[in-house]
Amino acid sequence: MKGAAVFPGDKTLRVVADVPDRKLESPTGVKLRMLQVGICATDREIASCMFGTPPDGFNYLVLGHEGFAEVVEAGPEAGELQPGDLVVPTVRRPCEDPACMACVNDRPDFCVTGLYREHGIMGMHGFLREFVLGEARYMRKVPAAIRDVAVLVEPLTIAEKAFLQAERIQMRLPWNERGVLQGSQAVVLGAGPVGLLGAMALRLRGCAVTVYSRERKPDPRADITRAIGAKYVSAQDRTPEEMAAGIGNIDLIYEATGSSKLAFRMLNVLGRNGVLILTGVPGAHGPEAVDLGALITNMTLKNQCLLATVNAGNDAFDRAIADLGEFCTLWPDAVRGLITGRFTLEQFETPIRNAAGIKNIIEVAS
Ligand SMILES: [Zn+2]
Ligand SMILES: [Zn+2]
């Protein structure tokens, strides 16, 4: 079968015509026909060989971790999944260490050994191929009503996992035993897909949301922000301090830019009892001067929390699927407007080399 791959040896991208296609043998397994796969910065970084590991015995790695598929075959013990069902596969698979409580409890997103595998990233082929075999328990069922945007589930899970944790963290406030975020002042950094989907999830939870991003109005990102009832501020017009001055006590900041400088600067504007959530992976850029004493003093005197989060578990996937349904009801044009580019499998190199628009997807099955 066909698959879109990176060859780390000679740093090339190619469509491979003969990716091995196995038969469904596991009674608890399913065979998926991939429908759509989203492209993001992670794919771009793997394509430029900053990281990414092919499976054992391969000199290439099939890309793609943001999948949306149709079940075409289900083993006799695959539970409720039937051929014709729509699913989003989760990305990470557990390590084999029986002492890893995270993986033993089917939460490899918190794996402690670091020996997990990830589709399209580490040790397993990704979803940019015609068919994928997997265990039914890693497939999250998607209602047909969100078929046209289900490819956005995986990028939304980043926000959902973050906010599930933020809710638990804010249970520390004695008057908020359920950790509700409703009524919070939230700032989202970055108006890419991860930022805008996070802004939608925060609006759904009853937060007042300000999206702070580079692009100046008029811009489709600003239009989507306005459509969901959030405020858009361009970093070209306002410094973080100026932006924050118009808000009041900022309870939650969701960072989706991968800018280490901006993330730390935001600690200065985060409010009392606030949580700053980091989701970006800026990599090493060398030392930066920071007044650590002032930073820690400020954080301590304001009861602040710094939370970093990666990957997502089944709970975040299921919440993402449910929330996308709500988004489609509340803001149908805004959520559909996130998908700005569609390409065939043969054209996969274009959106990887050139990150134009908001979200680019590959139509694997056409
Ligand atoms: Zn991604
Ligand atoms: Zn583990």
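Predicted model: local features only at pLDDT ≥ 70, side-chain atom pairs only at ≥ 80, totals over all residues.
Residues are numbered from 1 along each chain as its sequence is written, chains are lettered from A and ligands numbered from 1 in the order in which they are written, and side-chain values use heavy atoms, with hydrogens and water left out.

Now the overall build. The chain has 11 helices and 19 strands. These are DSSP runs, numbered from the N terminus: helices are H or I with at least four residues, strands are E with at least two. The C-alpha trace spans about 60 × 45 × 40 Å along its principal axes. With 366 residues, a compact globule would have a radius of gyration near 21 Å, and the chain agrees, at 21 Å. That radius is taken over C-alpha atoms, and the globule rule is 2.2 Å times the number of residues to the power 0.38. Of the 366 residues, 52% count as buried. Buried means under 20% relative accessible area, exposed means over 50%, and partly exposed lies in between (1.4 Å probe, protein chains only).

On to the metals. Which residues coordinate the zinc ion (ligand 1)? They are Cys40 (SG), His65 (NE2) and Glu66 (OE), at 2.1 to 2.2 Å. A donor is an N, O or S atom within 2.8 Å of the metal (3.2 Å for Na, K and Ca); water is not among the atoms, so sites may look incomplete. The spacing of these donors along the chain is C-x24-H-E. Cys40 sits in the loop between β3 (29–39) and α1 (41–47), and His65 in the loop between β4 (61–62) and β5 (66–74), so the pair ties together parts 25 residues apart in sequence. Cys40 is buried at 15% relative accessible area. His65 is buried too, at 4%.

Next, the zinc ion (ligand 2). Its protein donors are Cys95 (SG), Cys100 (SG), Cys103 (SG) and Cys111 (SG), 2.3 to 2.4 Å away. They follow the spacing C-x4-C-x2-C-x7-C. Why is the arrangement called tetrahedral? Because the four donor atoms subtend angles of 105 to 114 degrees. For four donors, tetrahedral needs all angles between 85 and 135 degrees. Cys103 and Cys111 are both buried.

In α3 (residues 153–170), 18 residues at 1.5 Å each should span 26 Å, and the end C-alpha atoms agree, at 25 Å apart. The expected span is 1.5 Å times one less than the number of residues. Of its 18 residues, 14 are buried, so α3 is largely enclosed by the rest of the structure. Met243 is in helix α6 (residues 240–245). Met243 is buried, at 3%. Leaving out residues up to four places away in sequence, Met243 touches Val187, Thr210, Tyr212, Val233, Arg238 and Met266. Contact means heavy atoms within 4.5 Å.

Last, some backbone details. Most residues other than glycine have a negative phi, and most peptide bonds are trans. Lys217 and Pro218 are joined by a cis peptide bond, with omega about -5 degrees. Asn273 has a positive phi of about 60 degrees. Asn311 also has a positive phi, near 60 degrees, and lies in the loop between β17 (305–308) and α9 (314–330).

Notes: Tetrahedral: all angles 85-135°; square planar, octahedral: opposite > 155°, others 65-115°.
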